Amino acid sequence: MAAIFEFPQNTILEDDLVLLRPLLESDVENLLEMAINEPETWEYSLVRANGKENLTHYIQLALKAKANKTEFPFIVFDKKSGKYAGSTRFYDINLPFKTLQLGYTWYGKDFRGTGLNKHCKFLLLQFAFETLGMERLEFRADNNNQRSIAAMKSIGCKVEGVLRNHMPTFGSEVRRDSIILSILRNEWFDEVKDNLKAKL
């Protein structure tokens, strides 16, 4: 039986504007300023990274999931400013089924609307479809998170539907509806790649 392809553990993705490298425990220091000063960043997140304690916990959970080979978290470095900008990750990685999800993405407010996200997404999508050979990439968001949904649509994601009453929300009895979007392998090669490249 052929060995199952392993996720390269030292994966670094970069272009002229951005560098994504594996998240480390020591990255608490690199992300701490945003965690303290911009708590609204995690308004729609179940796992918060606001404040040092929460950020430390957030990174520890991500690294535990990486060790279990279900997630692969990155830290995002903005080359233009020479500063760390945020974090993103692959999760629900299922290499035998050739599917994974892309999410847990957040950036400090200075990096939103700068084009950084499109550069990150291009690198991540290219890696997923062209290096890992994925057939499907899935994206999810709180159905109320209009900024996130707009960003996903702008890179070429197609809306598949809404999971009603799907998840709890932080510190509340209210449950959230989750919108599901995706990009398929053929869509990447047929149109999404060229369209996204033209926006970089």
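Rings of Phe, Tyr and Trp, the last through its six-membered ring, form a pair if their centres lie within 6.5 Å; planes under 30 degrees apart count as stacked, over 60 as edge-to-face and the rest as tilted. The exercises below apply to a predicted model.

**Exercise 1.** State how many aromatic pairs the rule gives, and classify the pair W42 and W106.

*Solution.* By this rule the count comes to 8 aromatic pairs. For W42 and W106, the centres are 4.8 Å apart and the planes make 65°. An angle over 60 degrees counts as edge-to-face, and the pair W42 and W106 is therefore edge-to-face. Next, locate the partners: W42 lies in the loop between α1 (28-37) and α2 (51-67), whereas W106 belongs to strand β5 (residues 99-107). The two are 64 residues apart, and the pair links distant parts of the chain.

**Exercise 2.** Decide whether W42 and W106 are buried or exposed.

*Solution.* Buried means under 20% relative accessible area. W42 has a relative accessible area of 1% and is therefore buried. W106, at 5% relative accessibility, also counts as buried.

**Exercise 3.** Classify the pair F122 and W188, and locate its partners.

*Solution.* The ring centres of F122 and W188 are 5.6 Å apart and the planes stand at 55°, so the pair is tilted. F122 is in helix α3 (residues 116-131) and W188 in helix α5 (residues 185-199), 66 residues apart. F122 is buried at 6% relative accessibility, and W188 is buried at 0%.

**Exercise 4.** Describe the largest nonpolar core and the element that gives the most to it.

*Solution.* The largest nonpolar core has 53 residues. L20, F90, L125, L137 and F139 have the most contacts inside this core. Helix α3 gives the most to it, with 9 residues. Consider F139 as an example: residues it touches include L102, L125, M152 and I179. F90 also belongs to an aromatic cluster with F72, F74 and F127.

How values were computed
Residues are numbered from 1 along each chain as its sequence is written. This is a predicted model: local features need pLDDT of at least 70, side-chain atom pairs count only at pLDDT 80 or more; totals for chains, interfaces and linings use all residues. Side-chain values use heavy atoms; hydrogens and water are left out. Helices (H or I, at least four residues) and strands (E, at least two) are DSSP runs, numbered from the N terminus. Buried means under 20% relative accessible area, exposed over 50%, partly exposed in between (1.4 Å probe, protein chains only). A nonpolar core is a set of buried Ala, Val, Leu, Ile, Met, Phe, Trp, Tyr and Cys residues joined through side-chain atoms within 4.5 Å. Contact means heavy atoms within 4.5 Å. Lists of a residue's contacts leave out its neighbours within four places in sequence.
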